[in-house]
Amino acid sequence: MASPDGTSPDGAAIEVRGLWKIFGPRADRVLGGPDAALGPDALREKTGCVAAVRDVGFAVRPGEVFVVMGLSGSGKSTLVRCLTRLIEPTAGEISISGEDVRAASPSRLRELRRHRVSMVFQHFGLLPHRKVVDNVAYGLEVQGVPRAGRHERAREILSLVGLDGFAEARPDELSGGMQQRVGLARALAVDPEVLLFDEPFSALDPLIRRDMQAEVVRLHREVGKTMVFITHDLSEALKLGERIAIMRAGSIVQVGTAEELVGAPADDYVADFVRDVPRGEVLSLRWIRRAPAPGERLDGPVLPAGTIIRDAVPAALESARPIRVVEDGEPTGVVDRLDILAAMAGRPPVPAVPPQRPSPGGPASGAGS
Amino acid sequence: MTSHAPPAPPVQASPPPLPRRAVRLPPWAPLLAGAAAATAAYLAFRGTATLPHDPEAAPFRIIGDVRAWADANRNQSPVFLFFVNYVRLFVGGLYDVLLTVLTAPGWAGLSGIATGIGLLAGGWRTGLLTALGFGSFGVLGVWEASVTTLALVLTAVLLSLAAGLPLGILAGHSARLRRLLDPVLDVMQIMPTFAYLAPMVLFFQIGPASAAVATMIYSVPPAIRITALAIRQVSPSAVEASVSLGATRGQTLRKVELPMARATIGLAVNQTIMMALSMVVIAALIAAPGLGSDIIRGLTRADVGVMLPAGLAIVVMAIVLDRVTSSAAARPPYGAARPGKARALSASRLRWLCAAAVALGGPALGRALPEEFPAGLVLRLAGPVNEAVDAVTFSWYDLTEAVRNLTTEALLNPLQTVLTSAPWWLVAAVVLAVAWRTGGPRPAAVAVGCLLATALIGLWQHTMETLTTVLVAVALTLLAGVLLGIAAARSPRFAAVQRPLLDAAQTMPAFVYLLPALALFGATRFTAVFASVIYAVPPVIRLVEDGVRNVSPAAVEAALSCGSTGWQLLWKVRLPMARRAILLAANQGIVMTLAMVVVGGLVGAGGLGYDVVSGFSQRADFGMGFAAGVATVLLGIMLDRITQGAGARPSPRTTTGKKRIA
């Protein structure tokens with residue numbers, strides 16, 4: 001998209017600027033002073049405070065799936081709770097569809113939570129004393145929707161998430177994956193603009209987790225909500241996220257598409273994270289194209305620069321001649337069989353050439369287009 | 001043998017020079033030295049600096065004057081006019097209303113309604129139990145007294161819940177309020193029952209209102225504590241989910257927290273009722289009507305025949321109320337319907353119908369039946385029971401006499417002589433040393449402060465007498481409790497036999513334990529010891545059993561795989577790992593024993609308990625009785641600090657602030 005870091009300030013669904021959350025005594029005093037620059041251990045040693053979120057800023061486009069990824073303790077769950085002030089931030093600006101969340105009165109905030117933003121939790125947070133249908137209808141119930149109306153809506157949503165026929169069951173009669181479908185249905189039932197997911201699948205078995213990830217992808221296609229998805233699982237982040245923010249010790253280290261993170265990690269931490277990602281599955285030809293060597297034949301197959309390396313394999317199999325990589329209708333370089341093999345074997349792009357045609361900002365830019 | 005020579009030198013060579021080797025003392029040396037020093041000091045200073053009892057001590061006179069002032073100003077002072085008297089009027093009125101409501105349907109009617117409630121709460125078994133229970137009140141000839149007691153219990157419980165549930169909910173939400181309430185509730189829970197009574201008399205005079213307030217104060221701590229616990233146990237992610245959907249605080253409380261905490265709050269209600277029931281009996285000392293007055297009358301006259309029907313009725317009432325409330329609390333949060341939904345629905349409807357039929361049928365039948373419980377059905381127990389008691393005491397005389405004399409001569413008398421003839425500063429120094437060693441400086445300071453305060457209020461000697469009885473009873477309680485607890489933990493069969501007995505024992509109000517003790521041993525100090533041992537042993541057994549059994553299975557498995565024998569496993573693994581539980585059991589045992597020993601003042605235990613009782617019966621002794629109540633509290637706090645410190649010491653308190661930075 002337009003700006004260098006891939007965000008679009010105009011018409012963002014969620015925009016966060018300079019967000020801080022400091023737990024501990026006299027947190028606001030830490031913020032203004034020099035202590036704010038201390039590392040986590042030094043800060044705790046000196047003030048007894050823990051900075052869970054440090055000066056975080058990002059913007060999420062309407063309809064985008066934005067993934068925040070980090071190890072446990074990196075502050076990602078605190079961050080997502082700050083968005084609707086389930087945890088009160090210490091400082092910063094949050095706007096959701098143009099509304100200033102931090103300035104909202106308690107009743108405005110409730111309205112926001114009731115109609116515009118809803119959340120799916122790691123441990124589901126279902127109410128064991130209520131039937132599934134009443135769990136799903138809970139959000140509508142607190143809004144004051146009459147019983148018949150909210151039940152009708154709840155049943156619609158239940159069939160959307162594939163739980164037809166379970167409306168009268170109790171949550172504890174369902175498996176973990178089904179319980180999380182109920183949690184998902186509860187969040188969808190109020191028809192919010194934004195869905196927040198706090199590690200929703202990390203309590204599930206791997207196979208069920210894969211199903212649920214597919215479910216989220218499907219739902220996103222069908223209902224097209226803006227989603228903020230918290231996870232500690234890189235493969236989940238890569239699978240779901242249009243853009244991914246990597247958090248460490250409360251700060252965002254890098255924001256970008258999967259391709260950008262893998263191809264151009266911002267620092268060793270991110271590089272370490274993405275080391276095991278199969279590069280051939282994530283990177284496109286843009287990352288391995290090179291200037292044609294003198295005497296190389298330039299009549300091979302033509303592929304666009306955005307083609308994933310793996311998908312270029314058939315073309316490379318068919319023809320021994322180097323593939324010509326084209327961007328915006330113009331040739332920008334070539335890729336031969338060796339380049340593809342090296343990339344798929346996980347080696348960094350051997351010649352490490354910047355793209356032939358100088359595009360502003362290097363490989364990190366324009367990858368999402 | 002040949003291999004002996006080589007390994008020796010390296011071992012000797014390795015440690016650096018150790019000049020201090022001679023100084024290293026075994027860990028028990030300071031203990032031994034302390035004991036020796038205390039003994040020497042006792043022998044040297046015996047008989048000096050004792051504080052003999054003086055019935056005319058200044059603190060007693062001052063308290064007597066305060067009461068005289070209160071009585072004189074009951075209708076003038078604004079404190080009384082605008083607050084105390086209104087409370088008295090309101091509580092008295094509530095009691096009258098409840099009593100009228102309970103009396104109105106007649107015996108058949110009330111039994112019917114109660115049975116209906118039992119049916120609804122716990123099915124036909126509980127319903128039947130309720131019906132039999134209420135029937136037995138009539139058969140025992142104590143119908144009216146039982147209804148009066150029930151009304152008083154209900155009054156106190158309603159007041160307790162009205163205060164305790166909201167406070168508990170607030171405390172569940174606010175850590176600050178919890179920190180504020182905790183020490184207060186701690187003290188309230190270790191206060192022996194007697195201590196509540198005298199201040200009530202001062203403010204509310206004697207009678208049902210005053211008894212209801214005393215009972216309410218006694219029974220409110222579990223209502224607050226368990227409710228707060230219930231609220232805190234609610235899954236935080238369910239609460240968060242509710243808030244994230246825009247629920248107001250009230251909506252989250254009503255729709256999420258209360259329903260999810262229901263079972264535990266039911267337990268709070270159950271505990272409150274059980275506490276109230278046991279207190280209502282003791283409140284008979286300040287003229288609470290009902291079963292308690294029969295029991296007190298029987299106790300003071302050592303007349304088992306008078307007590308027995310009332311005592312049995314109390315036990316039956318305790319069991320019925322316990323079953324009804326605990327099964328109501330334990331019911332699943334929704335109809336127990338899994339496969340056949342329609343059938344279960346109709347079953348629950350059927351149960352409602354039955355309950356309604358019984359509840360309505362009772363009063364309807366009551367019109368046809370005589371208003372009084374038919375005299376022909378009443379068992380006259382007093383005569384035969386007294387004969388039986390006489391026969392038992394006669395035939396077992398040798399045994400009971402031997403047990404009693406042995407304990408009295410071998411334990412009680414020598415210990416009492418030592419404690420009362422030792423100088424006060426020596427006793428204080430020993431308490432300081434022991435508390436310091438078990439709990440550290442702060443508990444030690446509190447313990448010594450409490451001990452010295454008993455001297456200040458003029459009750460040193462009686463406190464020492466009570467302390468004697470408590471120490472002997474505690475020693476016996478712990479001995480019996482630990483042995484039985486270990487036995488139960490080792491043998492599931494033994495545990496299975498013992499468990500229902502313990503359950504029954506823990507439902508019974510404290511006073512009931514005096515009954516068999518009195519029947520067997522007459523009115524002596526040993527009677528109080530015996531009663532407090534059987535009163536305090538069940539929880540000790542249970543705590544020890546759970547502690548020994550809940551030792552990490554991994555550790556047990558590891559020990560077994562090293563080839564430990566059963567006894568090695570017990571001594572080297574289970575007991576050391578169950579240390580906390582055993583110390584907690586000691587703490588519980590001591591607090592309960594103290595409560596019972598004080599009550600034992602009614603059956604010849606003397607000491608503080610007797611002072612309290614005589615404070616209620618003789619106006620001139622009111623000051624002493626009041627002070628004795630305070631002294632029991634001080635003694636309780638002292639013993640609690642000493643033992644609680646020991647339990648808390650091994651692991652530094654882990655305050656895990658719930659921070660979420662995941």
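The model is predicted. Chain A has 369 residues, of which 45% count as buried. Chain B is assigned two domains, with domain 1 covering 77-331 + 352-369 and domain 2 covering 382-647.

**Chain A**
- The secondary structure of chain A comprises 15 helices and 13 strands.
- The C-alpha trace of chain A extends over about 75 × 55 × 35 Å along its principal axes.
- Among contacts in chain A with a separation of 6 or more, 66% are between residues 24 or more positions apart.

**Helix packing in chain B**
- Helix H4 (residues 78-103) of chain B and helix H9 (residues 208-233) of chain B have axes that come within 8 Å and cross at roughly 95 degrees.
- H4(B) contributes Arg88(B), Val91(B), Gly92(B) and Tyr95(B), which meet Pro208(B), Ala209(B), Ala212(B) and Val213(B) of H9(B).
- The contact of H4(B) with H9(B) consists of six nonpolar residues, one polar and one charged.

**Domain contact in chain B**
- The centres of domain 1 and domain 2 of chain B, taken over C-alpha atoms, are separated by 27 Å.
- Domain 1 of chain B supplies 31 residues to the contact, and domain 2 of chain B supplies 38 residues.
- On the side of domain 1 of chain B that touches domain 2 of chain B, the elements giving two or more residues are helices H7 (175-190), H8 (197-204), H11 (249-282), H12 (291-301) and H13 (304-330) of chain B.
- H13(B) provides the largest share of that side of domain 1 of chain B, with eleven residues.
- By class, this side of domain 1 of chain B has 25 nonpolar, five polar and one charged residues.

How values were computed: Residues are numbered from 1 along each chain as its sequence is written. Chains are lettered from A and ligands numbered from 1 in the order in which they are written. This is a predicted model: local features need pLDDT of at least 70, side-chain atom pairs count only at pLDDT 80 or more; totals for chains, interfaces and linings use all residues. Helices (H or I, at least four residues) and strands (E, at least two) are DSSP runs, numbered from the N terminus. A residue is buried if 20 or more other C-beta atoms lie within 10 Å of its own, exposed if 12 or fewer, and partly exposed in between; C-beta atoms are placed from the backbone. Two residues are in contact if their C-beta atoms, placed from the backbone, lie within 7 Å. Axes are lines fitted to C-alpha atoms, for helices over the stretch in contact, and angles run from 0 to 180 degrees between N-to-C directions. Ala, Val, Leu, Ile, Met, Phe, Trp, Tyr, Cys and Pro count as nonpolar, Asp, Glu, Lys and Arg as charged, and the others, Gly among them, as polar. Domain bounds come from an automatic or database domain assignment.
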